[in-house]
Amino acid sequence: MLRILNSFHNYLFGLIFYKYLSDKFLIEVVSLSGASLDEYANKEEQAALYNSLTINEDDKKALESAIVDKLGYTIKVGFLFSELADKAKQNTFQLNDLKQAFQN
């Protein structure tokens with residue numbers, strides 16, 4: 001039983017850390033866009049902004065490069081924590097989605 005709880009503990013902390021990274025990433029997207037967090041207060045709005053900024057491939061590369069310079073990592077639009085949570089709410093989430101997010 002203790003082994004199962006320990007595995008769950010590690011899984012849960014991994015998810016919490018991934019949410020933190022995703023939230024920090026979206027805040028940086030808003031900052032680099034020149035917008036304010038007042039304009040984009042919730043994660044859905046921030047994710048929509050990120051999505052709109054990555055439509056053009058050159059803009060996407062420039063944004064991701066700037067974020068990597070600042071944070072040291074990037075997260076693809078489909079692998080933001082909010083996107084994975086939405087999939088879970090719609091019962092379309094697959095464990096492989098989380099695995100792929102962690103690998104990216």
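Predicted model: local features only at pLDDT ≥ 70, side-chain atom pairs only at ≥ 80, totals over all residues.

Started with Phe-25: at 0% relative accessibility, Phe-25 counts as buried. My cut-offs here: buried is under 20% relative accessible area, exposed is over 50%, and partly exposed is in between, with a 1.4 Å probe and protein chains only. Residues are numbered from 1 along each chain as its sequence is written, and side-chain values use heavy atoms, with hydrogens and water left out.

**Rings**

Next I looked up ring pairs. I took rings of Phe, Tyr and Trp (its six-membered ring) as paired if their centres lie within 6.5 Å; planes under 30 degrees apart are stacked, over 60 edge-to-face, and the rest tilted. The structure holds 3 aromatic pairs. One of them joins Phe-25 and Tyr-50, edge-to-face, at 5.1 Å centre to centre with 75° between the planes. Phe-25 is in helix 1 and Tyr-50 in helix 2, so this pair ties together parts 25 residues apart in sequence. For helices I used DSSP runs numbered from the N terminus (H or I, at least four residues; strands are E, at least two).

Tyr-50 is buried too, at 0% relative accessibility. How do the rings of Phe-25 and Tyr-73 sit, stacked or tilted? Their centres are 6.3 Å apart and their planes at 35°, so I logged the pair as tilted. Tyr-73 lies in the loop between helix 3 and helix 4 (81-89) while Phe-25 lies in helix 1, so this pair ties together parts 48 residues apart in sequence. Tyr-73 is buried, with a relative accessible area of 18%. Put together, ring pairs link Phe-25, Tyr-50 and Tyr-73 into a cluster.

**Core**

Then the nonpolar core, meaning a set of buried Ala, Val, Leu, Ile, Met, Phe, Trp, Tyr and Cys residues joined through side-chain atoms within 4.5 Å. The largest one has 16 residues, and Phe-25, Val-29, Tyr-50, Ile-75 and Leu-80 touch the most other members. Helix 1 (2-33), helix 2 (43-53) and helix 3 (57-71) each supply at least two residues of this core. Helix 1 gives the largest share, 6 residues.

Is Gln-46 buried or exposed? Gln-46 counts as buried, at 2% relative accessibility. Leaving out neighbours within four places in sequence, Gln-46 is in contact with Leu-26, Ile-27, Val-30, Leu-37, Tyr-40 and Ala-41.

**Salt bridge**

Side chains of opposite charge can pair when their charged atoms come close. I counted a side-chain nitrogen of Lys or Arg within 4 Å of a carboxyl oxygen of Asp or Glu. Searching the whole structure gave me 1 salt bridge. Asp-23 pairs with Lys-19, with the closest N and O atoms 2.6 Å apart. The two residues are 4 apart in helix 1, which means about one helical turn between them. Asp-23 counts as buried at 17% relative accessibility, whereas Lys-19 is partly exposed at 34%.

**Surface and loop**

On the outside, Leu-12, Phe-13 and Ile-16 form a nonpolar patch with about 280 Å² of accessible area together. Patch rule for nonpolar side chains (Val, Leu, Ile, Met, Phe, Trp, Tyr): over 30% relative accessible area, no salt bridge, joined within 5 Å. Areas come from the Shrake-Rupley method with a 1.4 Å probe, and for residues only the protein chains shown count as cover. Leu-12 is in helix 1, partly exposed at 37%.

Gly-78 is in the loop between helix 3 and helix 4 and partly exposed, at 37% relative accessibility. Its C-alpha atom is separated by 9.1 Å from that of Asn-51, 27 residues away along the chain. Not counting residues up to four places away in sequence, Gly-78 touches Glu-83 and Leu-84.

**Whole protein**

Last, the totals. I found 5 helices and 0 strands. Of the 104 residues, 26% count as buried. The protein exposes about 7,100 Å², and carbon and sulfur atoms supply 56% of that.

Definitions and conventions
Contact = heavy atoms within 4.5 Å. Patch = residues over 30% accessible without salt bridge, like charges linked within 9 Å, V, L, I, M, F, W, Y side chains within 5 Å.
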